[in-house]
Amino acid sequence: MSARQVDLRRVVYALSDALDLVGINDLHHGKRVGIMAAEIAQTLGWTKERQALAFDAGLLHDIGVSSTDLHRKLVEDFDWRGAIGHAEFGAHLLGGFAPLAYLAPVVHDHHTHWLELKQVDGEVANMANLIFLTDRADVLAASAMASDTLLASAPKIRDKLCSCAGPLFNPELVDGFLRASRKESFWLGLEPNAVRDYMVAKAGEPGLVSADLTTLLGIARLFSRVVDAKSHFTVEHSEGVARLVRFLGESFGLDADTCGKLEVAGYLHDIGKLRIPDSLLEKPGPLSDDERRLMASHAYETYRILAQIPGFEDISRWAAYHHEIPDGEGYPFHLEAAELSQECRLLRGADIFQALAQDRPYRARLPAAAILEHLRKLRDGGKLDRAIFATFEANLPYLYALAQPSRGDDNGVTAT
Ligand SMILES: [Fe+2]
Ligand SMILES: [Fe+2]
Ligand SMILES: [Fe+2]
């Protein structure tokens with residue numbers, strides 16, 4: 001299927017799944033916030049468009065959170081003043097991608113107290129405050145769900161939010177929340193199976209928004225920044241991989257559509273890393289067997305997220321197979337050589353090259369000549385195609401420069 005037939009909404013839903021992975025064991029935070037916000041918006045009699053906006057904003061409000069440590073702080077502290085950093089970073093990311101830029105002002109203020117929103121446009125202020133309210137409701141609901149006491153805890157959650165009406169939350173929104181959350185269905189709709197059903201129904205709604213390759217590249221780049229911001233070691237890793245794999249695709253004479261899809265796969269290949277705890281990505285020494293198994297799960301998560309998107313059949317495989325080795329010793333699928341297409345092999349080559357050209361917690365970045373030696377050993381051991389090695393060898397200085405972070409203006413912004 002051509003990338004031109006991809007529904008942008010389905011891409012957003014799938015990638016919001018990746019954001020929800022940062023909760024590690026609590027997987028549906030963004031979706032629950034979106035569902036509650038849409039339901040309260042409906043209770044308040046807001047237009048269908050505003051209800052849809054409330055849902056989208058809920059889904060993506062934590063796009064600035066890729067760190068599991070940061071996520072923990074946001075959950076543990078009901079009104080953490082450090083929360084503004086991820087709201088600003090999220091708004092910055094969304095503001096840079098035109099099709100989703102309308103969400104940026106809402107995301108920017110989704111932890112701002114109601115009393116501090118006086119200067120903000122009324123519609124934006126109300127939407128941002130609705131997301132703040134439902135976000136905090138979900139933090140309380142998630143902990144009640146974890147102890148299987150959701151319905152029993154509902155009155156306490158309602159009291160807590162009610163006590164914040166005025167300074168933190170717009171009293172009119174709190175009133176809408178109290179009316180909507182009187183129903184058991186409001187709370188039961190937050191349980192994992194209900195959330196899954198809700199999303200399936202949403203995905204099936206008519207109104208396909210066709211995305212061209214340029215739009216797909218834009219959204220893939222946006223989410224690559226979320227992933228790469230997770231650790232300062234991986235700044236622009238995915239962008240570097242995307243640049244390298246496009247070069248390789250063009251060098252191998254692949255057509256423009258395939259090269260574009262390869263670039264998308266490069267941006268998104270590590271999206272499953274959002275579920276990996278920060279401590280593992282930052283560990284200065286070798287990983288234990290258990291840690292290695294956990295780290296290996298990121299490629300599977302990448303597959304699970306991308307394979308949901310109709311039109312991403314190729315992209316999901318190319319992206320998720322980037323740790324598969326032709327000798328069958330890779331992970332997580334242990335594919336054999338015959339199952340690995342040229343595109344998968346190119347992406348794997350680009351991933352290895354970029355990673356070696358960048359500092360890691362356990363080693364400094366390698367000079368170009370040392371990278372080539374490393375790749376030569378892989379080639380001699382049957383773990384890297386001869387033709388891919390030859391392309392790296394023939395273009396070494398150029399590809400080494402291409403692999404480096406650009407240190408552009410966006411890179412100075414971090415989530416913490
Ligand atoms: Fe949140
Ligand atoms: Fe990876
Ligand atoms: Fe990677």
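1. A word to start with: two residues are in contact if their C-beta atoms, placed from the backbone, lie within 7 Å. Please also keep in mind that you are looking at a predicted model.

2. Leaving aside neighbours within four places in sequence, the contacts of Asn129 are Trp114, Leu117, Phe169, Asn170 and Leu173.

3. Is Asn129 buried or exposed? Asn129 counts as buried because 24 C-beta neighbours lie inside 10 Å, and the cut-off for a buried residue is 20 or more.

4. Next, have a look at helix α1 (residues 8–20). Its 13 residues should span 18 Å at 1.5 Å a residue, and the end C-alpha atoms are 19 Å apart, so the two values agree.

5. Helix α1 also has a list of buried residues: Val11, Val12, Ala14, Leu15, Ser16, Asp17, Ala18, Leu19 and Asp20. What covers them? Among the covering elements are the strands β1 (6–7) and β2 (210–211), together with the helices α2 (29–43), α3 (48–60), α12 (213–228) and α16 (289–306).

6. Finally, step back to the whole chain, which is divided into domain 1 (29–189) and domain 2 (214–412). The C-alpha centres of these domains lie 35 Å apart. Where they touch, 9 residues of domain 1 are in contact with 12 residues of domain 2. On the domain 1 side, that contact set has 4 nonpolar, 4 polar and 1 charged residues.

Terms used. Residues are numbered from 1 along each chain as its sequence is written. Chains are lettered from A and ligands numbered from 1 in the order in which they are written. This is a predicted model: local features need pLDDT of at least 70, side-chain atom pairs count only at pLDDT 80 or more; totals for chains, interfaces and linings use all residues. Helices (H or I, at least four residues) and strands (E, at least two) are DSSP runs, numbered from the N terminus. The expected span of a helix is 1.5 Å times one less than its number of residues. A residue is buried if 20 or more other C-beta atoms lie within 10 Å of its own, exposed if 12 or fewer, and partly exposed in between; C-beta atoms are placed from the backbone. Domain bounds come from an automatic or database domain assignment. Ala, Val, Leu, Ile, Met, Phe, Trp, Tyr, Cys and Pro count as nonpolar, Asp, Glu, Lys and Arg as charged, and the others, Gly among them, as polar.
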